[in-house]
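I opened this structure for the first time today. These are my notes, in the order in which I looked things up.

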2 protein chains.
Amino acid sequence: MGLPINTAGVVDRLTQMVGSRATTARGVLEQHGRSEAYHASRPPDVVVFPETTEEVAEIVKLCASVGLPVVPFGAGTSLEGNAAAVEGGLCFDFSRMNRILAVHDKDMDVVVQPGITRKQLNAQLRDTGLFFPIDPGADASIGGMASTRASGTMAVRYGTMKDNVMALEVVLADGRIIRTARRARKSSAGYDLTRLFVGSEGTLGILTEITLKLHPWPQAISSAVCSFTSLHDAVETAIEIIQSGIPVARVELLDDVMMRGINGYAKFGYREAPTLFFEFHGTDAGVAEQAELAQAIAAEHGGLGFEWARAAEERSRLWQARDNTLYAGLSLKPGARAMITDVCVPISRLAECLVENRRDVEANGLIAPIVGHVGDGNFHMLILIDPDNADEVARAKALHARLVARAIAMDGTCTGEHGVGLGKIDFLRDELGDTVDVMRGIKAALDPRHLMNPGKIFRRAEVTP
Amino acid sequence: MGLPINTAGVVDRLTQMVGSRATTARGVLEQHGRSEAYHASRPPDVVVFPETTEEVAEIVKLCASVGLPVVPFGAGTSLEGNAAAVEGGLCFDFSRMNRILAVHDKDMDVVVQPGITRKQLNAQLRDTGLFFPIDPGADASIGGMASTRASGTMAVRYGTMKDNVMALEVVLADGRIIRTARRARKSSAGYDLTRLFVGSEGTLGILTEITLKLHPWPQAISSAVCSFTSLHDAVETAIEIIQSGIPVARVELLDDVMMRGINGYAKFGYREAPTLFFEFHGTDAGVAEQAELAQAIAAEHGGLGFEWARAAEERSRLWQARDNTLYAGLSLKPGARAMITDVCVPISRLAECLVENRRDVEANGLIAPIVGHVGDGNFHMLILIDPDNADEVARAKALHARLVARAIAMDGTCTGEHGVGLGKIDFLRDELGDTVDVMRGIKAALDPRHLMNPGKIFRRAEVTP
């Protein structure tokens, strides 16, 4: 794919600015068009590895001057094609902007560059007694997690990126650099631009610095696994635990199909039934009390006993089982790719949604294991497909569309945590109707030429009059 | 104040639409220009008491057609002139839209109209086992609280309005009705319009329906008061309690001056020293453990013993002392008015900020008691002034400006929870610089004619080219 005519000199100019940190090597381009998702690779025309905010701003100005699209790229773990360069252009790879800029332990916050991954961050925070709890499974970059409003397993206790980003530095479409907030824990000073940029998927500006809330490591942690005879019982258990005010740190649901995948993939010997994975955080006494209350609730709903993991190594093994769901799921159908989707519904509708979906999966002869952040009503389905089997792909797409329609009909959302990217564009209006026009108006106000990660959240046709 | 020429027929038209629920009675107009704040009364030209969203939308269209400003009004408890009709126009009084539309107890959420007050809401929720925790002291309306991004005493545990509003129905400047989100606990479906409207003070649209998170009533609650020999010790105690992960539900700081006011106003016999008011929520065992840990930390910092209030009546009396700080403060200077301000700083700077401010107050011969949500680094100062004493008013204004400048220099904000309104307009750019231009761009996109609560957050001159 060649550069558009009006950008012929851009690569030369970039090379003058950042030397070999600008590249058009085919392998690098290809790598930056792909993600872990099923979406086709859409490589950019040039990849730049910036080292400072000022570099990003200068390069954004250069791109603006020639009309070249700009796409930010973190760790490449997004699932809806959020960083695919659908119109080509320049990709910023933030792997060289991965430093902690300041730790404020008394204030329990940290200022980081966007390229740092959550595991890098927590490793470097180890001596502070503080940690960053958002855990989407993959070792995603903080910039990417902020951009997609990520959440994951601990959101039920610690919130999502929306709740844990305190302030942002952003390079706007015209190269201006702004800060959305100062470092107060809360503020009523004007519009909440922090939350506007969180989840905007790079379509309103490029995040170059992120201030995050941290949390104290709990004194005690314990984890447990409990299986159930039905999805309904597992979900009711989760609802009741949350309603009774138990501050559960994690409560993950895996269906029987996914449990079969985990057993096969990682040689576990779990019961192949709907299963909840729990984690409790608190004082020694607090964790013991939470666990006891949760066990009693599970028992009332036919829970088949708690299998505990209290030592750090056991816990790590248990959560590794949970975190390997992508590969565990894929192992159920050798050679398959996974069409991964996520929806989120009010928790009162979750069991119904899961049961109806299961019936739909089976009626269509597909394999589609489920894993969910059940405390939030959020779950993922991995539809296993042979990409060369056009009929299977068509059935998978139709199943996916019906799941999303079902979630929306239940007053839920087409994406709980993966973002819109490419994969949910067609569903956004089903969910929000004319509200999408208000989003487009904001997009037009901040990025009138539609150069910031174009083709995401909205189609080009929707934003170009 | 007469209606502008081009709106001569508006009142007639309104009367046709809503009968006597539109009024130009002088007393009603005056009442809607005032608030609890020190800002001068700025009455609207007409007040309408709408009963449905559709009525609001039709009336907004009417106002748009003649260029009449629109100002939403809840319970009139805002503190920065947020609902003053500085350009006249139409005021919506939402007191007739004060119903609960749906309680979803399993999902722990509730859908309400904007005029319901937080106390009305909690009274009606009593039988559900759930409650709405945001408590700014005054019995504010939920619409007003959402509009100013209110928080109050329990934010340290339960978050602010930003964290507890799940979705909004909004009437836009052109009369369109949108919903910002569905009822999922979390979503990554496009821009976070919910958070954009929360805290926008009616300048982007009118909130007509609000979906709120609810929380289970804790099994046990206990409250305590502890005084200290210095502000520094009190603040360090609060910091350490939070850092140690104790999920304190409330931790309020009152300085010695405020304690003197409380003793005098409500005949309490508290020590007139910097004092923390605590509340702990949890299970019986959990509350006991939290209390024990907090007491140990306070003792290390010279805390002068905990005075407990465990029974509901005792607790209510204790928190009434706290909630009466406005009147208690005013009692320190008979006949005075209070210039009330709030700032929020990173908690590591809080003691320094308070001590420097105290020195400033004393050097200027003013009386200015302090009450703060110390867990968030947020505090209020009530500068007691004789409005007829021009010199005192000037000294108070200068003190206020220096406090805000100090908070901003410490990486804090000019308002933690009262909003910008009129009182903080001049400080917003000091805090956020050119970021204010981005806010203005969003304002222009959503309200191009600047009719929605004009003159708040931005000056007219800033938004009219």
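**Entry 1: a sheet in chain B**

I began with strand 5 and strand 6 (residues 109-112) of chain B, which pair in the antiparallel sense over four bridges. Strands here are DSSP runs of E with at least two residues, helices are runs of H or I with at least four, and both are numbered from the N terminus. Two strands count as paired if DSSP finds at least two bridges between them. I noted one bridge by name: Ala102(B) has Val111(B) in strand 6 of chain B as its partner.

Before going on I wrote down the conventions. The model is predicted, so I noted that local features need pLDDT of at least 70 and side-chain atom pairs pLDDT 80 or more, while totals for chains, interfaces and linings use all residues. Residues are numbered from 1 along each chain as its sequence is written, and chains are lettered from A and ligands numbered from 1 in the order in which they are written.

**Entry 2: strand 18 of chain B**

Is strand 18 of chain B buried or exposed? I found eight of the eight residues of strand 18 (residues 378-385) buried, so the strand is largely enclosed by the rest of the structure. Buried means 20 or more other C-beta atoms within 10 Å of the residue's own, with C-beta atoms placed from the backbone. Asn378(B), His380(B), Leu382(B) and Leu384(B) point one way from strand 18 of chain B, and Phe379(B), Met381(B), Ile383(B) and Ile385(B) point the other way.

I looked up the partners next. Strand 16 (residues 337-344) of chain B runs antiparallel to strand 18 of chain B and is joined to it by eight bridges. Cys344(B) has Asn378(B) as its bridge partner there. Strand 17 (residues 370-373) of chain B also pairs with strand 18 of chain B in the antiparallel sense, over four bridges, and Val371(B) is bridged to His380(B). Strands 17 and 18 of chain B form a hairpin with four residues between them, and Gly377(B) in the turn has a positive phi of about 80 degrees.

**Entry 3: two helices in chain B**

I checked helix 9 and helix 11 of chain B, whose axes come within 9 Å and cross at roughly 145 degrees. Axes are lines fitted to C-alpha atoms, for helices over the stretch in contact, and angles run from 0 to 180 degrees between N-to-C directions. I listed Thr237(B), Glu240(B) and Ile241(B) of helix 9 of chain B as meeting Ala294(B), Ile297(B) and Ala298(B) of helix 11 of chain B.

**Entry 4: where the chains meet**

How many residues of chain B are in contact with chain A? I have 75 residues of chain B in contact with 75 residues of chain A, contact meaning C-beta atoms, placed from the backbone, within 7 Å. Among the elements of chain B that each supply at least two residues to this side are helix 9 (231-243) and helix 11 (284-300). Helix 17 of chain B gives the most, with nine residues.

Notes
Contact = placed C-beta atoms within 7 Å. Buried ≥ 20, exposed ≤ 12 C-beta atoms within 10 Å, placed from the backbone.
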